Amino acid sequence: MIKMIFKQLWNQRRQNGWILLELTVITFFIFTTSVEVVRGLADYALPNGYEKEGAYCLQLKEDKAYSFKYDVKEDKAKDSIFHANFNQLLLAIKGCPEVEAVAVTNQHSFPGSGSQTALAMYPEDSTFTPLNTVRYRTYLADGTDFIKAYGLTDAHTGELMQLPERIHEGRKVIVSASFARYMFGTIDVVGKGIGKVHNPSGKDLQEIVGVYQDFKRTDFQVGYPSILTINTKMKGQNPFDHFIIYRLKEGVDGNAFEKKVMNEIAPRFANTPTVIQGIESFEESLNWYNDIIGVYNHLRYTAVMLFFVLLCVFLGMTGTFWVRCRARRQDIGLMRSIGASQATITRQFMTEAWMLVTIGFLIAQPLIIHYIHGLKWNVIDLTAHYWQDSKTWLTLATDALIYILMMLIALLGTWFPVKQASKDLPAEALRDE
Amino acid sequence: MFKIYLRQAWNLVKQNKLFTSIYVIGTGLAIALTMILFIVHYIKFAPIYPEENRGRTLVIKAMEANTEEGRNSQGCCSPYLSKVLEGLPHLEAIAVADHQWMLSPSEVSNPGEINGLKTIVRHVNDGFWQVFTFRFLAGKPFTKADMDAKQQVAVVQEEVALQLFGTTEAVGKRLICGDKEFRVVGVVENSSVAAPDSYAGVWIPATLSLQYEDEMANREHFIGLFTINLLSTSRADNDLLKEEVREAIRQYDADNTQWKHNPWGQPVEHWVSLYQSQTELNIKEVVLDLLYLLLAMLFIPALNLSGMISSRMDHRLVEIGVRKAYGASNASILRQVLSENLVLTVAGGLVGLLLAYLIILTCSHWILGLFDNLGLYAFAESSPRITADMLLNPWVFGSAFGACLLLNFISAFIPTVWALRHSIIESLHSKL
């Protein structure tokens, strides 16, 4: 049957040429439009490294009466009203029975926070090439637990991490799995030292006290090598530069708790240096971030283009096979009169459609290979090598997706006119013969 | 003759309803996407209120500076550069404004009221009002004297005035922003986020910005947090002004022992500046990407339509043979087929244009950023105001018709020429 269909396709090569050319162009076009999206979606499917659900960020602002009144020197010298007020606010949130954990961070240290800080880090007693590392920062105040508030997971076990016991001693740091692998070739790095200077030793060193699974700062990117530095003091730092992160206990309604904070706690701090401005969940801040950096628009663009070209495939196949069925009405009548069933005829035309899509798809492959080789590739993770960072695997995955989509749409487009034609009675179809 | 073609086209429509439907849908889809691409770029590039001088505006929004010791600094532009550029022969005015990346909504309120509204508050200089053609409903812009005296004055947008004061006659009224009180000196007609170089809800003198003052007083290089828009004396003088600006920067670098600047090819025309980030811009690549997209939007449906027209021409070979036998030339038959198809293409084009308008109006909050990732993110919370003159203008209609003609030509020309290659005998003998 395949041989016969090949012959049919060859005999009608001029009519088939148009749809074949269209299928080839569309295969290439969909590939160029969607390859980066497939990569982004594969990154999206990776674990976040933290628990998004139930985590919230308290937005603070400076009260007008206290604007420009914060003085670093004064704050370092004695307990200032700014820190006293901030600590009271922290305690008020922490004291709520709905809250499981709280943490204090700076503005670069939560998912979707818009910006990030990076610094070069060196491993202990080594002249190793430094690694540009994302730095997250937390401040230890009474009873805060960054790890629990974020729901960071242990790189070894994949379970929720515990706050390392010696964390309060100072000069301690927790690192991500990819950071550990790049620096030391392993994730068994607890006890080792890292520093901000070349060949660090002694006082320049910070001791690693834990390793967490890579933390994805945004949904559509793999976790960049990062470290979590722990500041044991907040003095000398303007509290308005900080954020209070909290995690609610399981089953607590986030919206109801937000209302409670805004109605009961916020008014208590209305005329103090630190005023509560609002609350944003990690989910909301990630949505905002994905929106402003254009991730959602890129997805929309790909969806629009996919819809457009797949509709073109559908219309093209419907049009082509509608014309073909009309032209071969007599053939169909003859086949029916010598005993071919409707299913046999439908199968034959569907096989033709499948072969057209497959040939068009195969013709596009050299173009795709040429394109993917020329693509500027930005491999973010330095050690993990996710499959989507390999051009070969990504091409295969994207190709498979395109092939399946095009095949489904093409077969659907073919099915309507073929089904219609195969219903004709032999006598009717052969009338013009 | 065209009347006969039209009648013939209408008969064909009635005979082949499925063909017609597929043809119109295919064309409509292609025209809708092409028109979305065109309208989005029209809004970004064309002279729209209050950026009606886009044709003779040159922009500097990013800069790099290096020292011999290897220090490197990159960022937006400093107002300090405007001092160096003052008095250039082909420069009419300089607008300095907060770079859009530095903007975020601030709370603005009426004195005595607790709840205000959130809007963009932008620091601008007095030249801003010359470069951008705001229409004042009341009052006037603040002046250089206001700037120099650091007067706490503000120009507000119509919408802001209505929300704060309930009227556009708001000159002399007071508003609170941050810890300062401002006197309203002017109210302007609403503008759109689609004009991001000038957009704000409230404009206040740049000298009230500590950043501006610091950059004007203490900078040795041109890196800061602002954007500079230069208005040339005429569109024809754009190139002269570009060269003058580059020469002024070169001269400054020659006199300045420490910092050497790389303006990354700036100043550039408004449309080029939309793609300028803090790095060297390859505008050729951007244009090629857009052309690739446009080509795909027209070429893919055209292939579709070509296949269908090719099949239909096979059915009409006898008709072609008869017409040729009675002396019709190939050119007249080609003209007839193209005209018949144009009727269908224009019908599809109308459907497509309406669809494009519908999509743009309903998706205005994200559609302007669909084809790139630049420009509007500072205003993510404001939905761009799409006005009638952005959609209903000769450029849009002309380009829609042009796209129809192009689509019609590339889809119908080759199949028709192929069909015409048959001899009269072959055509008359064909049986399909």
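Which residue is the bridge partner of B:Ser106 in S6(B)? The partner is B:Thr119, and the strands around this pair are described below.

## Basis of the model

This is a predicted model, in which local features need pLDDT of at least 70 and side-chain atom pairs count only at pLDDT 80 or more, whereas totals for chains, interfaces and linings use all residues. Residues are numbered from 1 along each chain as its sequence is written, while chains are lettered from A and ligands numbered from 1 in the order in which they are written.

## Strand S6 of chain B

Helices (H or I, at least four residues) and strands (E, at least two) are DSSP runs, numbered from the N terminus. Strand S6 of chain B covers residues 117-124, of which 6 of 8 are buried. A residue counts as buried if 20 or more other C-beta atoms lie within 10 Å of its own, as exposed if 12 or fewer do, and as partly exposed in between, with C-beta atoms placed from the backbone.

Two strands pair if DSSP finds at least two bridges between them. S6(B) is joined by 4 bridges to strand S5 (residues 105-109) of chain B, and these two run antiparallel. Another strand, S11 (residues 202-205) of chain B, is joined to S6(B) by 4 bridges and runs parallel. Here B:His123 stands opposite B:Ile204 in S11(B).

## Chain B as a whole

Chain B contains 16 helices and 15 strands. Its C-alpha trace spans about 90 × 55 × 30 Å along the principal axes. Of the 432 residues in chain B, 41% are buried.

## Contact between the chains

In chain B, 26 residues are in contact with 28 residues of chain A, contact meaning that C-beta atoms, placed from the backbone, lie within 7 Å. Helices H2 (17-45) and H10 (283-315) of chain B each supply at least two residues of the side that touches chain A. H10(B) gives the most to this side, with 11 residues.

## Helix H10 of chain A

In helix H10 (residues 329-337) of chain A, the buried residues are A:Ile332, A:Gly333 and A:Arg336. They lie on the same side of H10(A) because they cover an arc of only 100° around the axis, the arc being that of the directions from the helix axis to the C-beta atoms. Just after H10(A), A:Gly339 adopts a positive phi of about 110°.

Notes
Contact = placed C-beta atoms within 7 Å.
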